[in-house]
Amino acid sequence: MAAREFASSVECGLKLSKRVYYGKDVPAPAPLEVPAMTRSVSSSATEGEDVEVVYMPAAPMVYAVVPEPEMVDNPDIPSYQPYVYGRCEPPALIPLHMHGVAMEIESFMDTAFVTVSGTWRVHCVTAGRSCDCRVAVPMGEQGSLLGVEVDLSGRSYRTELITLEDIKDIEKVANAEDGRFLKCQIYTLKVPKVEGGSTLSIRISWSQKLIYNDGQFCLNVPFSFPAYVNPVGKKISKREKISLKVNSGTGREVLWTRTSHSLKEQTSQDGKLSFLYEAQVPAWSSADFTFAYTITSIDFFGGVLLQSPFLRDFDQRDMFCFYLFPGNIQSRKVFRKEVVFLIDKSGSMKGDPLEYAKNALVASLSKLKPEDTFNIIAFNEEVDLFSSTMKLATKEAISNATEWVGSNLIANGGTNISLPLNQAMKLLANTIDSIPLIFLITDGSVEDEKEIFNNMKDCLKSGESICPRISTFGIGSYCNHYFLQKLAHIGRGHYDASYDADTINFRMQRLFAIASSVILADIKMDTLGHLDSLELFPSHIPDLSSGSPLIVSGRYDGSFPDTVKISGTLADMNSFVIDLKVQRAKDVPLDRVLARRHIDMLTAHAWLLGTEELEEKVAKMSIQAGVPSEYTRMTLVQIDQGKKAPEPVLLQEVYNILKLQKKVDLEGQKIIFLGKLGVGFGNLIATAKNIPPGAEKAKSSDPTELLVKAASNCCSQLVDRCCCMCCIQTCSYLNNQCAVVFTQLCTALSCFECINCCYELCACF
């Protein structure tokens, strides 16, 4: 379900919820307060976009899926409202009342694991009727859904990951409508046939990243509930609980700097903090949960953590994690930069994507120092250069570049990524005492991506001067994000993406700020060459930026010494060496913290090589860690009450036993296949057709479908205006003559709606 359609369905559902009668002594719910709208950058902003802003979930939510308005009623106190004909197309979504919520957060290094448990009641569906319920899970920065558990009277559900080869009907899975992303970080899934008046107990888990900004780790978890999920009644208690545990992994003193909720500090020692918030509240939290902390250190600091594999891990090599922090010195010298911006101006970038990208580009130019140099290459099938040579970042040059961006970056044509990359490599061929940066922005995928990668890899190996750092930024879901990640890995740069147009500006500027603030380059770890075997993530060690800590991890055979020597080059071109202590990771579960990172990097490598062996390895890692991947699918498995849930099995058992019994299990259990949680490998057809990122499917012009929708809209509009309790109570006082007049008036209005319906039908011929 598209985000705009989802928001419109919620708007319709809130109108339908006016039919619910709570009794004489219970005050009616407060009217919905609509927050101030935000408009798009381009002039094509529509009312639908405003609706999307208001009604998208900003915390875990559950909705009743209502296809028929007549089923909406209080299951405890029937209001005996008149029957309402018609259907809601698409079905309305009524937000369910929430009766309790608790959130547990465990933060290790740069990763947080969030678990939200709550209870919701189907307060809006009449007793004896049932409806599907849609669970919406908004996640924070780079969120990854780990699991959902649902308990109902008589049955329960839980999510499980299975490999693609275990799925009998691939087409069915590919077209699954029971689970999908609404937007980048909002996933929804369906719980079928829930009876009116039932209570759902739901436990949702996901992982997300902490953002590093100005020397602080910042955590932001969606936890803002709208007022209409507060249960209606005088004596309904609302208890809110938040538990937070922080482990920086460094063993150094940690100081928390800010928080959104009234947390009470429980413990503070050896780089670890724990907090608790628990309160009886008049209304559920209306703000996201935020928390920030800093690690006290002025200079560079780091360490190496080791972890042995667990008993039946399919990979019996040890795991290591090397981290290096820039410290809190704000005046530390940054490398001089030579930057080439490559910005896609193909036809699919038309509108908001290109406008936001242009704004971010201009803002990034303004942050260059006078000694830095820059150039801009706009590309579609051809390239268009701002200048034939690199330009010093003077005020005049930046002003000219800003004017050039405004007049030359006009969306049209196809996509060719090879040409601008080759041109940028030529411009940066003779760099000596600065860091050359290539900053690629695109929303499309191309057929020669593997060839481009191999060419760039050869160029970066053979260069006599300082190799350019390549950072990539993907827009939307049609570009191949794994190609962009792989390109950034070999270029020792950074990668980020924006799947929603309104986040392009912020994320592009943040990526440029991190990639352009290098303080330590050409980093080497002397121990790596002495190990018996090594798998490094990423394969090339990136530079250390003042805007982000450096984390490198992997698997190895052999033995680490007690200390590891790290060397590199500072911005003043002096050599830098630091000895880091090696220790066992006692309280940091490296297998969980590094799982998503390793899966993404291995998936990019599997795409490049195209080997089944690597794909199977990614699938094994995915199932073992419980982290979705491109080669696994998440399912919702029903467990009937009285039946014992299968005990969790370790990975070796999954691959030795489950494969033999998978067919029987799939046929014997009620399984709902959810839509994929991966980003895919790009869409060549959409790129060739210049389909904009996030474009919705064209509306059907089938006359029958238009007739059904028009009739349904007529009924739903009549319900919105004439079926609320206040209107029904008013009508009960009318005498017979007034009732006749009122009926004739309604009939006349219905005729006008029929005329409008006929107009829509005729317009499609």
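Reply: Helices (H or I, at least four residues) and strands (E, at least two) are DSSP runs, numbered from the N terminus. By that rule, the protein chain has 17 helices and 34 strands. This is a predicted model, in which local features need pLDDT of at least 70, side-chain atom pairs count only at pLDDT 80 or more, and totals for chains, interfaces and linings use all residues. Residues are numbered from 1 along each chain as its sequence is written, and side-chain values use heavy atoms, with hydrogens and water left out.

Me: How much of the protein chain counts as buried?

Reply: Buried means under 20% relative accessible area, exposed over 50%, and partly exposed in between (1.4 Å probe, protein chains only). Of the 765 residues in the protein chain, 54% are buried.

Me: What does W120 touch, and is W120 buried or exposed?

Reply: Contact means heavy atoms within 4.5 Å. W120 belongs to strand β4 (residues 111-121) and is buried because its relative accessibility is 2%. Leaving aside residues up to four places away in sequence, W120 touches P60, M61, V62, L96, H97, M98, S198, T199, L200 and I202. W120 and I202 are separated by 82 residues in sequence, with their C-alpha atoms 8.1 Å apart in space. For the protein chain, 78% of contacts between residues at least 6 apart in sequence join residues at least 24 apart.

Me: How is the packing of helix α4 and helix α5 described?

Reply: Two packed helices are described by the angle between their axes and the distance between the axes. Axes are lines fitted to C-alpha atoms, for helices over the stretch in contact, and angles run from 0 to 180 degrees between N-to-C directions. Helix α4 (residues 352-366) packs on helix α5 (residues 395-408) at about 175 degrees, with the axes 10 Å apart. The pair is therefore roughly antiparallel (angles under 35 degrees count as roughly parallel, over 145 as roughly antiparallel, 65 to 115 as roughly perpendicular and the rest as oblique). From α4, the contact uses K358, L361, V362, L365 and S366; from α5, it uses I398, A401, T402, V405 and G406.

Me: Which strands are joined to β30 by bridges?

Reply: Strands of a sheet pair through backbone hydrogen bonds, either parallel or antiparallel. Two strands count as paired if DSSP finds at least two bridges between them. Strand β19 (residues 318-325) runs antiparallel to β30 and is joined to it by seven bridges; here L324 stands opposite L550. Strand β28 (residues 533-537) is also antiparallel to β30, with five bridges, and L536 has G554 as its bridge partner. Seven of the eight residues of β30 (residues 550-557) are buried.

Me: What is the strand order in the open sheet of four strands, and which strands stand at the edges?

Reply: The order is β11-β12-β17-β14, with antiparallel pairing. β11 (211-213) and β14 (254-259) stand at the edges, each with a single partner strand, so one side of each lacks a neighbour in the sheet. The twist from one strand to the next averages 30 degrees. β11 pairs with β12 (residues 216-221) over three bridges, and I211 lies opposite C218.
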